[in-house]
Amino acid sequence: MSDSPFHLFGIRHHGPGCARSLLAALQALQPDCLLIEGPPEAETVLPFAHDPAMVPPITLLIFNPDNAQQAAFYPFAEFSPEWQALRYGARHDLPVRFMDLPAAQSFALQTQPAEQPVSAEIDEPSQPDINAIDTSAPLDWLGRAAGYDSGESWWNHLVEERNLAGQTHSQSLDLFAAIREAMTNLRAEIPQAEANNARSYREQLREASMRKIMRQAQRDGYQRIAVICGAWHLPALEKLPSAKADNDLLKALEKIKVSATWVPWSFQHLSYSSGYGAGVDSPEWYQAIWEIADSKERAIKWLARAAQLLREQDIDCSSAHIIEAMRFAQSLAALRQRPQLGLEELVESLRTCVTMGNETPIQFIRQKLIIGNRLGEIPSAVPSLPLQRDLEQQQKSLRLKPEAGQKVIDLDLRKESDLARSHLLHRLQLLGIPWGQLNKTGRSAKGSFHEIWTLQWDARFALDIISASRLGNSIISAASAKVVASAEQSHSLGEISQLLHSLLLADLPQAVAPVSHTLENLAAISTDILELLAAIPPLVQIARYGNVRNTDTQMVEQVLHSLIPRAAIALPPACHALDDEAAKKINSAIVSSHQAICLLAEDSLLEPWLAALRQLLLLGSYHGLVSGLATRLLFDRQSQSLEQVSTQMSQALSVGVQPPLAAAWLEGFLNNSGMILLHDDQLWRLVNDWLCSLQDEYFLQILPLLRRTFSTFNAPEKRQLGERARQAAPVAFVAQNSLDSTRAALSLPYIRQLLGLSQ
């Protein structure tokens, strides 16, 4: 290609060795135009890449405004060859163009199920043995031929991790010439997949589009055009077929509307495959390669950082450990005939010389020094949606900086700033942006003024923000619209009551009225007792929790004043003719609702509920589980005396009652409360006295059913129940046996003698 204006540079995306060599090669070539593999639509936001405030890792986001989930990311790190080419073009005031299949056509292809024919002039089909090779990883062939486990290891050692100190321009050009030769031979030897294969067809469309843009640059009069693309595409771009063949292949493609912007990215997400760029497993290590050209110096500094991190975790790591690890890594590289130390050798040396085979510290090192937690920054001038700008403004004012690593914050809801942070995090959760996860343990339990959140920003939240932007231009308006729409679409009282709970936690006053009306209207026509009962606990939590957040809960209380009496009236009829499974479900709902209503502590609501429970006491009309539970709940509320409950227990567990019904009543009465049975003396005496009063014959009849009931207790509870029963046995024996005074008098002289008393 000596007479051609095109100078091809085959790269590996996110390759620091390629990036450094590319800069040296561009210095030698002095091009007058740069063509970089990437979506052409990105040229509209390309000027922002030259802004000094743009800090990688960042990504181009190309998306369909009408369907935000149809999108593609094109990430760049500081060590990405494409990013360095962009910076080079900005420094030398060179025209820069992206070349690839436009995203508008690529997205349209995703909706076309039919496979398209392939032009014979572009790629002649062959008859390969598809099962014999893996065409998705062509570098593996070269890697295995060179004695490596994979093509990734081979490429890293020979291209990315090599010693770049003192590299000359000619050496850089030689590298790309060698890459072009290797890819040309490799692509010629590896047979193409089936001619009409969708992936093969898509690749040919991409390469045809690249060639079309290359021809346009040539027509524009540029003489030295640097073409920077993935190494695999080099053979397809080196010899240009006729323009007609490429145009015929591309002219029938449909297009859809797309938009482009820049968003922050993270090292964690660089490990994903996205857009045209394959992910890398070790972005933080690649950053070290980019910053330190000399391989030996890089290895020493990396091990020193590893030692510092291990010491911060209270793991013993002395200077002698690091010296031995360095020597071990050098010996390992020599044994493997590697040209220089690589990441594999360094990690194995740490595992062997420092952690003594313990993998847990290695995983910590991997997170910090191999993957990393860096998050990019985008200048404010980059075009963004109003919702995105509102979120960024709140993050700034509330001092909640998005970070790629996990961060735990403890919010005191009595403080205005912490309460505002809690509102923001709850609103984002309603919008489907789970930046924070609320912990359910510790000081964040019910009734606390604290919330403990675990924060971790995911760069892919950008798509969720785009999707939510249709609902409103601010976080509060979008979240309100989302909750109202969800409530209108729901037909479950439990779901709507949970939404009402969530929106009050998020402080969305505009949505309280419509969601409350939706809940009240649905409750008025609902005949499902389980839905009515499921709606009570979250609403009670709202009424109680609103005091902490200074939230007006008057409308919620109005709903409760109509919902609880309606549930109380509907409960007894709904408990007739239940089977065992239905009885268990309704029992669970009764327990939750009872606890919530008692927590509310309003006599006007508690009385109709207790009246409904009293109707359930009649064992013959209701399932034993339900009757036993109702008896227990009324006993706990002291709505029934011990004598009344004892009488009901005797009736329910008498000989005349069928054993299955009696066992169900006892199971409902105990209600999986082994610990309460241990610590409640009244309850213990009630059950114990009943057991001691049983005749032997009836006891043997009911024993298997009692075992089923007590099997619901865990092992420690059963052990403690047995111990208490043994301690109580002598007392029960004495109480049931009269004292023989004549026999007792015979022991008195001996007792006086032992005590030293006179006769």
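In this predicted model, strand β1 (residues 6-11) and strand β6 (residues 225-230) run parallel to each other and are joined by six bridges. Within this pairing, Phe6 has Ile225 of β6 as its bridge partner, and Ile11 stands opposite Gly230. Strand β1 is mostly covered, with five of its six residues buried.

The two strands belong to an open sheet of four strands, ordered β1-β6-β2-β5, with parallel pairing. Strands β1 and β5 (96-99) stand at the edges; each has a single partner strand, so one side of each has no neighbour in the sheet. From one strand to the next, the twist averages 20°.

| Helix | Residues | Strands it lies across | Angle |
|---|---|---|---|
| α1 | residues 16-29 | β1, β2 (33-37) and β6 | about 170° to β1 |
| α7 | residues 198-219 | β1, β2, β5 and β6 | about 155° to β5 |

Leu755 is part of helix α33, which covers residues 748-755. Is Leu755 buried or exposed? Its relative accessible area is 61%, and a residue counts as exposed over 50%, so Leu755 is exposed.

Note on methods:
Residues numbered from 1 in each chain as written. Predicted model: local features only at pLDDT ≥ 70, side-chain atom pairs only at ≥ 80, totals over all residues. Heavy atoms only, no water. Buried < 20%, exposed > 50% of the residue type's maximum accessible area, 1.4 Å probe, protein only. Pairing = 2+ DSSP bridges. Axes fitted to C-alpha atoms, helices over the stretch in contact; angles between N-to-C directions. Contact = heavy atoms within 4.5 Å.
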